[in-house]
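Grab a pencil and work through these exercises in order.

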Amino acid sequence: SSNESDPFIITTLPETPPGHPVDMGIEIIAGVYVDTINFTIYVGQKDYLIWDPDLNHSSGPIIKSILESLNFYGDYTPNQLPLNDFLSLYKSLFVCLGVFPDNYIVKDTSRQAYEISRYLNILNGKVYMEGGDVWYGDPYYYHGYFFAPLFRISPVANGVGQLNRISGCNNTFTQSMVFDYNGEANSIDRIDAQGNGVLIFQKTGSSFGTGVCAYHRTIGLSFELGALVDSTPPSTKNALVDSIMRYFGIPPTGISEDQTFQKKISFYLTVFPNPCRKSVTISFAAETEPENASTPQIKIYDINGRVVKSFEKSKILNNPTGRITWNGRDDAGRKVAAGVYFVLLSLSTDNNTKTYKRMEKIIFLK
């Protein structure tokens, strides 16, 4: 455990799937004494686990379908929450508790409450939680676990009145999102942000809060995501789920991002305006380029990981301003559909043995 100069390193084949269990045994010998320690380690982490005890399963299957379409890799369970450190297999946890009268109550003495709290506080997990009464109604009246402080949520009241429409908040990842709401019940907890929490959703036309995020680690909603009605992008459930994963800092499995580059050199990528309608300006620069760096490459992907636009290297090299305009058309000159796209800036070094990347999201409107 302290032999940092010559550690014992275990490797797996590249094709080993994330989450694969490996049974290990270490034999320790000291003189005449011999002891064997057996344990299990897991290869990598999956992107998400969806725990969906909601009796109607209104959101869980929808979130699962969207995450799969966005190239995220994970698991779904409507049964018991996995226990005994199993949550460490996942980068994020989605908890769907439903709305009254068919909601699931996580009791204040339950093992599930302990595991979720430990996942956040000890394992540094990312947690999305939704439920009509989880923040105010359940802990105040039905011995539900008081999750609010973990999510930087201040419970305000047991209801916001009739909830028919929900709006995102300015300067957050929900900005410009507006949804009609068609839930099983629309009388849900009214919540507000506490401390460093940030309000991300409100009942349209009022100050009544319905969603809060904090520290890029927690998101708490008092409505069901599955009951949102899609309209013009970015007001779609796909864009919202994608934005949640981006807020958590979890890129799609199909489009990975190497964080090492950000630590070694000063490198930036920005897009403006965003959301956009006709065109978007992509600004890029490496203020301290690594040695033996190749020409930067800029590609634009759709939400399924397909390349829709690749910019020629000559156009990048001959651009002293570090700016490129994308007019919303693919490599064949066809106008792309409204929705979410990713611009990926990559740079290879050392004869293409290392590749460094930065990525930003673009929301194209009609």
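Arg334 is exposed, with a relative accessible area of 55%; exposed means over 50%, buried under 20% and partly exposed in between, using a 1.4 Å probe and protein chains only. Before you go on, a word on the ground rules. You're looking at a predicted model, where local features need pLDDT of at least 70 and side-chain atom pairs count only at pLDDT 80 or more, while totals for chains, interfaces and linings use all residues. Residues are numbered from 1 along each chain as its sequence is written, and side-chain values use heavy atoms, with hydrogens and water left out.

**Exercise 1.** Which stretch of chain has pLDDT under 50?

*Solution.* 
- Step 1: pLDDT is the predictor's confidence in each residue, from 0 to 100.
- Step 2: The protein chain has a mean pLDDT of 85, with 86% of its residues at 70 or more.
- Step 3: Residues 254–266 are the stretch you want, as pLDDT stays under 50 there. The model has 30 contacts for these residues beyond four places in sequence, contact meaning heavy atoms within 4.5 Å.

**Exercise 2.** Work out where the buried residues of helix H1 sit around its axis.

*Solution.* 
- Step 1: Helices (H or I, at least four residues) and strands (E, at least two) are DSSP runs, numbered from the N terminus. Helix H1 covers residues 60–69, and its buried residues are Gly60, Ile63, Ile66 and Leu67.
- Step 2: Looking down the axis of H1, these buried residues fall within an arc of 130°, so they line one face of the helix. The arc is taken over the directions from the helix axis to the C-beta atoms.
- Step 3: Strands E3 (48–51), E4 (74–77), E5 (92–96) and E6 (126–130), along with H4, are among what covers those buried residues.
- Step 4: Now look at a charged pair on H1. Lys64 makes a salt bridge with Glu68, with closest N and O atoms 2.8 Å apart. The two are 4 residues apart in helix H1, so about one helical turn separates them.
- Step 5: Lys64 is partly exposed at 27% relative accessible area, and Glu68 is partly exposed at 43%.

**Exercise 3.** Which members of the largest nonpolar core touch the most other members?

*Solution.* 
- Step 1: A nonpolar core is a set of buried Ala, Val, Leu, Ile, Met, Phe, Trp, Tyr and Cys residues joined through side-chain atoms within 4.5 Å.
- Step 2: The largest one has 43 residues, and Leu67, Phe94, Tyr128, Ile219, Phe223 and Ile244 touch the most other members. Helix H4 (residues 237–248) supplies the largest share, 7 residues.
- Step 3: Zoom in on Leu67. Leaving out residues up to four places away in sequence, Leu67 touches Tyr48, Ile50, Phe72, Phe94, Val241 and Met245.
- Step 4: Apart from this core lies another, of 27 residues, including Trp51, Val127, Val134 and Ile153.

**Exercise 4.** Classify the ring pair Phe147 and Phe151, then the pair Tyr247 and Phe248.

*Solution.* 
- Step 1: Rings of Phe, Tyr and Trp (its six-membered ring) pair if their centres lie within 6.5 Å; planes under 30 degrees apart are stacked, over 60 edge-to-face and the rest tilted. The whole structure has 15 such aromatic pairs.
- Step 2: Phe147 and Phe151 have ring centres 6.4 Å apart and planes at 85°, so the pair is edge-to-face. Phe147 and Phe151 are both buried.
- Step 3: Tyr247 and Phe248 have ring centres 6.2 Å apart and planes at 45°, so this pair is tilted. Tyr247 is buried at 11% relative accessible area, and Phe248 is buried at 2%.
- Step 4: One aromatic cluster is formed by Trp135, Tyr145, Phe147 and Phe151.

**Exercise 5.** What does Ala214 touch beyond four places in sequence?

*Solution.* 
- Step 1: Ala214 is in strand E12 (residues 209–214) and is buried, with a relative accessible area of 1%.
- Step 2: Its contacts are Phe151, Arg152, Asn196, Gly197 and Tyr247.

Notes:
Salt bridge = Lys/Arg side-chain N within 4 Å of Asp/Glu carboxyl O.
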